[in-house]
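Try each task before you read its solution.

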Amino acid sequence: MSNPNYNYAVKKWWKEAVVYQVYPASFKAGNATKKADGWGDVPGIIEKVPYLRSLGVDVLWSSPIYKSPQVDMGYDIADYKSIDPRYGTLADVDLLIKTLSEHDMKLMMDLVVNHTSDQHDWFVESAKSKDSPKRDWYIWRPAKGFYEDGNPVPPNNWAGILGDTLSAWTWHEPTQEFYLSLHTPEQVDLNWENDEVIAAIYDVMEFWLSRGVAGFRMDVINLISKDQSFPDAPIIDPTSKYQPGERFFTNGPRFHEFMHGIYDNVLAKYDTIIVGETPYVTDIEEIIRTVGSTAQELNMAFNFEHMEIEDIKTKGESKWSLRDWKLTDLKGPISGWQKRMKEWDGWNAIFLECHDQARSVSRYTNDADEFRARGAKILALLETTLGGTLYLYQGQEIGMRNFPVDWDPDTDYKDIESVNFWRRSKELHPAGSEGLMKARVLLQKKARDHARTPMQWDSTPNAGFAAADVKPWMRVNDDFKTINVETQMSFPSHESGKLSVWQYWQQALQHRKQHKDVFVYGDFEDLDFDNEQVFAYLRADADRRENWLVVMNWTTSVVEWTLPVGIQVTSWVFSTLQTAPIRGDQPTVRLRAFEGVIGRCG
């Protein structure tokens with residue numbers, strides 16, 4: 001283990017920060033650009049900086065805005081040091097950094113260095129010939145052989161990540177070799193075994209840190225080291241030609257060496273916020289090697305265990321599958337990581353939404369009109385009372401939800417992963433069949449597209465995201481006239497005694513910051529774990545001078561919950577359903593549908 005509790009005893013700005021993720025294409029089309037392309041941009045982000053500050057945000061994390069052909073919405077980068085014209089210019093980013101600083105905020109960029117676009121100059125040069133000076137900047141391998149029809153056989157049977165019926169290898173006809181492209185054929189994996197590649201990545205990081213960027217979210221960073229023997233993956237799905245190969249490219253043989261190199265050569269010179277997207281890893285010892293207080297790799301990493309509670313973990317179905325889950329399935333990973341990180345002296349990244357996940361209110365609660373706001377507020381209570389660095393995704397603060405099942409998969413879904421899944425579904429199932437309807441349901445529940453609909457600012461056409469006469473790049477959710485920022489910020493709480501979702505988030509973030517010794521750094525103890533209706537836990541500071549009880553009803557009915565022996569609430573501070581403190585000095589608390597309460601304990 002690391003030095004016990006160092007991370008919890010030593011305070012850092014990035015531990016206490018509220019990080020707000022912006023998906024630039026869908027956030028705000030800025031007036032300053034005078035463009036009519038229906039695409040969000042950096043001027044639009046600048047316009048909303050005061051809004052974010054008023055909510056309680058400290059760090060703005062932007063998904064990629066670099067030059068890109070946008071095959072995977074900017075995660076296919078063609079130039080790390082240029083801004084895509086859709087988003088603006090380098091001068092716009094400099095102005096964004098300056099504006100954020102004026103509001104006591106910072107900018108965190110998305111760093112995508114497992115792969116580049118096939119249009120990046122590095123790959124264009126690499127693909128010219130087998131003798132190219134940059135040939136070894138990417139992972140090239142000859143065909144294993146040829147099928148009877150003359151088509152080349154890939155070097156192994158790995159499946160692509162964003163199209164699991166497709167090979168992770170792409171054939172390059174001009175030079176008669178395959179290149180590794182784990183995500184899509186247009187996203188080409190860099191060869192981190194090449195020291196020149198590593199030096200180029202260091203240079204990219206220095207470029208942005210020297211401009212005033214405060215840190216990075218590192219995209220699929222734990223995939224950068226591959227098993228250099230490139231073996232075949234075990235057959236998980238006998239019906240597919242290609243199989244999940246994660247075990248051979250996740251936290252690979254040199255991963256920690258590469259991460260130490262990034263820290264020693266770049267990050268050690270700056271006071272940064274660094275969070276990794278590290279899929280496929282749940283082993284605590286391995287995770288602590290990356291995020292422990294003495295790891296010198298990442299500050300923290302996103303853990304996806306709670307994001308996968310709906311998945312059926314058989315036959316390689318994981319993402320495109322659904323199962324019924326119980327509240328304890330959600331409690332398990334959340335409570336578990338709260339306790340394990342404290343025990344092992346790591347650090348949690350607290351999140352319920354991001355650009356790669358469907359909306360949390362639709363996944364974890366009930367997004368029907370009657371319960372949507374209630375569900376969104378208990379999720380806010382949950383997230384703002386958990387230990388670690390808090391991440392909030394655009395639209396989460398107003399309870400944006402998944403769009404309806406009747407949207408057309410052929411036109412309304414834009415994400416490459418969704419497009420690949422729907423294409424495959426149509427190949428397997430005839431029109432009007434039960435199988436195709438099931439595929440539509442899966443898209444409505446789990447597609448990444450739900451996080452990417454334009455931000456709902458007001459009730460005007462296009463939800464205020466873009467001018468009324470412009471067609472947004474993606475359809476606006478149909479509910480924008482009732483679910484939008486303007487309505488929720490102006491909600492008459494002083495008259496009704498109730499808070500909108502936005503107002504509740506603002507209040508909950510303020511409360512978290514006022515009591516950061518408890519909610520950021522404090523101890524966690526879950527209560528009544530086996531209860532499938534109520535999620536309850538205690539939070540306390542290191543000296544046990546401050547003790548708080550959080551209780552949430554996760555049902556659509558009224559629930560009574562008896563406080564465990566020895567726990568006494570001296571004052572109920574607030575409920576998710578009203579602003580005034582609720583009264584209660586009895587051992588039983590009565591909770592309405594999707595109501596959460598927080599109380600100070602003696």
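## Exercise 1: a serine in a loop

Ser240 is found in the loop between β13 (215-218) and α9 (255-265). Helices (H or I, at least four residues) and strands (E, at least two) are DSSP runs, numbered from the N terminus. The model is predicted: local features need pLDDT of at least 70, side-chain atom pairs count only at pLDDT 80 or more, and totals for chains, interfaces and linings use all residues. Residues are numbered from 1 along each chain as its sequence is written, and side-chain values use heavy atoms, with hydrogens and water left out.

Task: decide whether Ser240 is buried or exposed, and find what its side chain reaches.

Solution. Start with the cut-offs: buried means under 20% relative accessible area, exposed over 50%, partly exposed in between (1.4 Å probe, protein chains only). Ser240 has 15% relative accessibility, so it counts as buried. Next, follow the side chain of Ser240 to the backbone oxygen of Tyr242, at 2.9 Å.

## Exercise 2: the sheet of 3 strands

Task: give the strand order of the open sheet of 3 strands. Then say which strands stand at the edges.

Solution. The order is β7-β11-β10, and the pairing is antiparallel. Two strands pair if DSSP finds at least two bridges between them. β7 (140-141) and β10 (169-172) each have a single partner strand, so one side of each lacks a neighbour in the sheet. Now look at β10 and β11 (residues 177-180): 4 bridges join them. Within this pair, Trp171 stands opposite Phe178 in β11.

## Exercise 3: the sheet of 5 strands

Task: trace the open sheet of 5 strands. Find the helix that packs on β18 and β19, and the helix that lies across β19, β20 and β24.

Solution. The order runs β18-β19-β20-β24-β22, with antiparallel pairing. At the edges are β18 (523-527) and β22 (569-575), each pairing on one side only. From one strand to the next, the twist averages 25°. Helix α11 (residues 327-344) touches β18 and β19 (534-540), and its direction makes about 15° with that of β19. Contact means heavy atoms within 4.5 Å. Axes are lines fitted to C-alpha atoms, for helices over the stretch in contact, and angles run from 0 to 180 degrees between N-to-C directions. Helix α13 (residues 372-384) lies across β19, β20 (547-553) and β24, at about 150° to β20.

## Exercise 4: inside β24

Task: list bridge partners in β24 for Met552, Trp572 and Ser575.

Solution. Take β20 first: 5 bridges join it to β24. Here Met552 has Gly596 as its partner. Then take β22, which pairs with β24 (residues 596-601) over 5 bridges.

## Exercise 5: an alanine and the cysteines

Task: describe the surroundings of Ala349. How many disulfides does the structure hold?

Solution. Ala349 lies in strand β16 (residues 349-350). At 9% relative accessibility, it counts as buried. Leaving out residues up to four places away in sequence, Ala349 touches Val275, Met300, Ala301, Phe302, Thr389 and Tyr391. For the second part, a disulfide is a pair of cysteine sulfur atoms within 2.5 Å. The structure holds 0 disulfides. Cys354, at 7% relative accessibility, counts as buried.

Technical notes: Polar contact = N/O pair within 3.5 Å; in protein donor to acceptor, adjacent residues only side chain to side chain.
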